[in-house]
Amino acid sequence: MTTLTQRNARPIQHGALTRLFDVGQAVRLKGGPGVGPKTGEIYHVTRTLPPRGNSPQYRIRSDAEPHERVVTEDRLEPVDEVSDGGMMLIERTFGHGQGTEALEQRDQEAEAGKDSGQA
């Protein structure tokens with residue numbers, strides 16, 4: 001007599017699959033031969049998918065692209081959006097000296113100029 005498990009011959013996985021990334025988390029594709037997108041581009045995990053073999057899969061999206069990608073966990077690495085190599089995100093985006101300190105100084109100078117103009 002043949003049982004259902006014998007016909008399907010799939011190994012039964014016990015316990016939950018552990019994933020390294022969560023939905024909404026910033027990730028980057030690992031570099032390597034044949035990598036199509038820019039390796040420094042930041043993606044966000046939009047959905048978790050069933051594993052491919054033994055590797056969990058994710059659906060990721062970049063603001064710079066109109067489509068989503070499906071990748072396995074072994075092709076991703078986490079990204080720290082707040083700092084990258086000691087440089088703040090605002091510094092990478094706008095250059096050095098454009099953070100809140102520069103804005104506060106500009107506002108103080110504008111206030112000082114307004115006060116001296118009224119006197």
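This is a predicted model: local features need pLDDT of at least 70, side-chain atom pairs count only at pLDDT 80 or more; totals for chains, interfaces and linings use all residues.
**Entry 1: contacts.** I began with how far apart contacting residues sit in the sequence. Counting contacts in the chain with a separation of 6 or more, I found that 37% join residues 24 or more positions apart.

**Entry 2: the parts list.** Next I looked up the secondary structure. The chain has three helices and seven strands. Reading along the sequence, I get the pattern α-β-β-β-β-β-β-β-α-α.

**Entry 3: the sheet.** In what order do the strands of the open sheet stand? I wrote down β4-β3-β2-β1-β5, five strands with antiparallel pairing. Then I checked the edges, which are β4 (68–72) and β5 (76–78). Each of these two has a single partner strand, so one side of each has no neighbour in the sheet. A reminder for my own use: strands of a sheet pair through backbone hydrogen bonds.

**Entry 4: one pair up close.** I picked β2 and β3. How many bridges join them? I noted six, between residues 42–52 of β2 and residues 55–61 of β3, with the two strands running antiparallel. Which residue of β3 is the bridge partner of H44? That one is R61.

Entry 5: Last, I turned to burial and surface. Of the 119 residues in the chain, 19% are buried. The chain exposes about 9,100 Å², and carbon and sulfur atoms supply 50% of that area.

Key:
Residues are numbered from 1 along each chain as its sequence is written. Side-chain values use heavy atoms; hydrogens and water are left out. Two strands pair if DSSP finds at least two bridges between them. Helices (H or I, at least four residues) and strands (E, at least two) are DSSP runs, numbered from the N terminus. Buried means under 20% relative accessible area, exposed over 50%, partly exposed in between (1.4 Å probe, protein chains only). Contact means heavy atoms within 4.5 Å. Accessible areas come from the Shrake-Rupley method with a 1.4 Å probe; for residues, only the protein chains shown count as cover.
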